[in-house]
Amino acid sequence: MEQPSSLRAPSAWPARRRLVALGLMVVAVGLAHFAVPTGTHPLHVVHVFLRGAYLVPVVAGAVWFGWVGGAGTAAAVSATYLAHVLLSWPDQPMENANQLAMVGVYAAFGVVAGALASAEARQRKLREAVERRAQREAILTAIDGLLAALGLRDEYTRRHGEAVSRLALRMGERMGLGAEALEELRLAGLVHDLGKIGIRDDILFKPDQLSADERARIERHPSLAAQVLSAIPGAAKISGLVLSHHESPDGSGYPRRLAGEQIPLGARILHVADVYSALVDERPYKLGMSSAAALSVLAAGAGASFDARCVEVLVELLHGAPA
């Protein structure tokens, strides 16, 4: 499932950029410290201020990288500060002792702030895990209800969804999808034809060829399903897969005429699994094809109507060929 915006990491910066920012902060404070001369009371006040300014990168390091970042930044700050002390106040043991006490402050501040930040990060991860579980349970409950409603309307469509879901899941596993993407694919397979609830019976169950207007109405079912699913918090990716499961690589699909890589991989998998299942299924008014015949249909459309790699994977699965 997609992660809600409220659960995302507090910093959108990548780690490398944050490290650069920390380095620039330490260098900026250090250069300012070295640039300000000593000797007068007002300048001494500036030095005291800059001495405290070193805590800014220490806090940033703790927030961004936990206790390791806090301690590491404190060490860098201490090294910079010590160099300034030794060069600007040589042979002044009393003043040096006063200044060197700040090194202990930096170290303590870095470790404590880092430990607190790490503890907060752990708590945040626990909260996120709880919220993700609750969200997943809510999605599953909602989808179970939708499937029950679909079964009351058309038991074949519900069973067809189960078959497509199982086949798409096997294809996704063979294609190396991660656990989260596989779960989204599984659920999308179950509800990919949910929008057919909104299609009139005389069109949905018509055994004869559909008219252009009837075909247009049938082609609305991905959009209808996506509209229903998009109302479920956390189901946006599932909704997107369902919306795109009749798109074709050559742009001839529907409802948005997407092409090639514009179509999510999960939707391309669903398309192939859906068509194969529909071809081999038997209906009261239609005999199902043999598996070999259905695969021939898919192979003939590979690269145009169907994703070529997905067709290849399906053939490998059903024929037991190596990936």
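Biologist: Are α5 and α6 roughly parallel or roughly antiparallel to each other?

Modeller: They are roughly antiparallel. The two helices pack at an angle of about 155°, and their axes are 7 Å apart. Angles under 35 degrees count as roughly parallel, over 145 as roughly antiparallel, 65 to 115 as roughly perpendicular and the rest as oblique. Axes are lines fitted to C-alpha atoms, for helices over the stretch in contact, and angles run from 0 to 180 degrees between N-to-C directions.

Biologist: Where do the values and the numbering come from?

Modeller: This is a predicted model, in which local features need pLDDT of at least 70 and side-chain atom pairs count only at pLDDT 80 or more, while totals for chains, interfaces and linings use all residues. Residues are numbered from 1 along each chain as its sequence is written, and side-chain values use heavy atoms, with hydrogens and water left out.

Biologist: And how are the helices assigned?

Modeller: Helices are DSSP runs (H or I, at least four residues), as are strands (E, at least two), and they are numbered from the N terminus.

Biologist: Back to that pair: which residues in α5 meet α6?

Modeller: From α5 there are Gly161, Glu162, Val164, Ser165, Ala168, Leu169, Gly172 and Glu173, which meet Leu182, Leu185, Arg186, Gly189 and Leu190 in α6. Contact here means heavy atoms within 4.5 Å. By class, this contact has six nonpolar, four polar and three charged residues. Ala, Val, Leu, Ile, Met, Phe, Trp, Tyr, Cys and Pro count as nonpolar, Asp, Glu, Lys and Arg as charged, and the others, Gly among them, as polar.

Biologist: How does α6 pack with α11?

Modeller: Helix α6 (residues 179–191) and helix α11 (residues 265–280) pack at an angle of about 45°, with axes 10 Å apart. That angle makes α6 oblique to α11. The contact joins Leu185, Ala188 and Gly189 of α6 to Gly266, Ile269 and Leu270 of α11. Four of the residues in this contact are nonpolar, two are polar and none is charged.

Biologist: Is the crossing of α6 and α11 left-handed or right-handed?

Modeller: It is right-handed. A crossing is left-handed if the near helix is turned anticlockwise from the far one by less than a right angle, and right-handed if clockwise.

Biologist: What does α11 meet in α13?

Modeller: Leu265, Arg268, Ile269, Val272 and Tyr276 of α11 meet Cys310, Val311, Leu314 and Leu318 of α13. Eight of the residues in this contact are nonpolar, none is polar and one is charged. The packing angle is about 55°, with axes 9 Å apart, which makes α11 oblique to α13.

Biologist: Changing topic, how many residues has the largest nonpolar core?

Modeller: It has 42 residues, and those with the most contacts inside it are Met171, Val191, Leu229, Ile238, Val272, Leu298 and Leu314. The largest share of this core, eight residues, comes from α11. A nonpolar core is a set of buried Ala, Val, Leu, Ile, Met, Phe, Trp, Tyr and Cys residues joined through side-chain atoms within 4.5 Å. Buried means under 20% relative accessible area, exposed over 50%, and partly exposed in between (1.4 Å probe, protein chains only).

Biologist: What does Leu314 touch?

Modeller: Leu314 touches Leu167, Met171, Val272, Tyr276, Leu295 and Leu298, not counting residues up to four places away in sequence. Apart from this core lies another, of 12 residues, among them Val26, Tyr54, Leu55 and Val77.

Biologist: Where is Thr80, and what does Thr80 touch?

Modeller: Thr80 is in helix α3 (residues 55–88). Leaving out residues up to four places away in sequence, Thr80 touches Val26, Gly30, Phe34 and Tyr54. The C-alpha atoms of Thr80 and Gly30 are separated by 6.3 Å, although the two are 50 residues apart along the chain.

Biologist: Which peptide bond is cis?

Modeller: The bond from Tyr254 to Pro255 is cis, with omega near 10°. Pro255 is in the loop between α10 and α11. Arg257 is found in the loop between α10 and α11 as well, and has a positive phi of about 55° although it is not a glycine. Most residues other than glycine have a negative phi, and most peptide bonds are trans.

Biologist: Last one: is Lys196 buried or exposed?

Modeller: Lys196 counts as buried, at 19% relative accessibility. Its place is in the loop between α6 and α7 (201–204).
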